[in-house]
Amino acid sequence: MEEQKKILVLCGGKFAFKALQLLAYEKFLCGIGIGKGNERIVDAFEQESQDNGMAFKSFPNKKSMESMKEWINEIQPDYIFSISFPFLIPEDVLAYGSEKFINFHPAQLPEYRGPMPIFEVLRNQEKETAVSVHFMDSKFDEGNIIFKDIVPIDIDDTYGKLTVKLSERMAHVVLNTANMVQYANKIPNTPQEKENAYYFEKPDFSDTYINWKKMSAQEITALINACNPWNIGADATFQGEQIKIIAASVRDEPHNGLAAGMIVSIAQDQCLNVACSDDKQITIEIISTEEGIMTSKQLNTQKFLIGTQFN
């Protein structure tokens, strides 16, 4: 019987947890390296590694990456899998072995390169995303594609919901890849199509801010979903106060030319109906203000009056 391949996993935190569980159960996992994780997650991964006799190392910053080459050489894994590891792997580490480093990217490649593709696919209202499996090279998300596993996006998916869905799918894709490298002498792969490539930087305030004058009702609700929960919600301004809209839905009714961002009406359940640039409305259901996170019912209705405006 062929000896079981040893797989070392580099990860960025709990997103990889389900995949680690499956690899450990199937006796593939020989070690875990975690980058930038919070102390609670790092401690939990270290304890789990100790309990199961696996190697463990934390890489809290780029400087700590200088010790990765020696650590990998000590463990001598057959393959190194990367799942949302936050740092670029140095070339001297990649030199450990040709086609030994495999990354699992939670979006289509090469169209959605970058650190937060889940935000981007939701903001862009994509109907599907993917787990893209590819060999790693000296640049982020640019190595040859091994295969892609397509994941549908539901209309009510938020960043949180889609992250959970992708984490669960990722676990099975990672295990399938482990089984493939166990028996394959040569792993088929193809270069990425450079003409379709785009790298998205980590979103900043300008990416999460609602532009009422330019964005349609559908675009606004897509942005709100893309910001929930990692940014608490999409950013907006109301009467000089910075707020976040956490949950909203499209109300397919015209507002007959009212200014975009204006409160058109207040429903019986106290939800706010707000005009958008495309003569449709959104219904705001949950909002975060200086007073806290609350449903529309709990808002101070003396402030949110018909005719007042979000900016």
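Predicted model: local features only at pLDDT ≥ 70, side-chain atom pairs only at ≥ 80, totals over all residues.
One pairing can be followed at the level of residues. E5 and strand E6 (residues 128-135) run antiparallel and are joined by four bridges. His 105 has Ser 132 in E6 as its bridge partner.

## Helices on the sheet

## Salt bridges

Side chains of opposite charge can pair when their charged atoms come close. How many salt bridges does a search of the whole structure find? The search gives 12. Among them is the pair of Glu 66 and Lys 63, whose closest N and O atoms are 3.1 Å apart. Both Glu 66 and Lys 63 are exposed.

Three further residues, Glu 120, Arg 123 and Asp 207, are linked in a network of salt bridges.

## Salt bridges between parts of the chain

Glu 99 forms a salt bridge with Lys 186, with the closest N and O atoms 3.4 Å apart. This pair links distant parts of the chain, as the two residues are 87 residues apart. Glu 99 is in the loop between helix H4 (91-94) and strand E5 (101-105), while Lys 186 is in the loop between helix H6 (159-183) and helix H7 (205-208). Glu 99 counts as partly exposed because its relative accessibility is 29%. Lys 186 has a relative accessibility of 56%, so Lys 186 counts as exposed.

Lys 165 and Asp 154 also meet in a salt bridge through their side chains, at 3.3 Å from N to O. Lys 165 lies in helix H6 and Asp 154 in the loop between strand E7 (145-152) and H6, so this pair ties together parts that are 11 residues apart in sequence. With a relative accessible area of 22%, Lys 165 is partly exposed. Asp 154 also counts as partly exposed, at 42% relative accessibility.

## Cysteines

How many disulfides does the count come to? The count is zero. Cys 11 is in no disulfide, and the nearest cysteine sulfur, which belongs to Cys 30, is 13 Å away. Is Cys 11 buried or exposed? Cys 11 counts as buried because its relative accessibility is 0%.

Cys 276 is likewise in no disulfide. The nearest cysteine sulfur to Cys 276 is that of Cys 271, 14 Å away. At 1% relative accessibility, Cys 276 counts as buried.

Terms used
Residues numbered from 1 in each chain as written. Heavy atoms only, no water. Salt bridge = Lys/Arg side-chain N within 4 Å of Asp/Glu carboxyl O. Buried < 20%, exposed > 50% of the residue type's maximum accessible area, 1.4 Å probe, protein only. Pairing = 2+ DSSP bridges. Disulfide = S-S within 2.5 Å.
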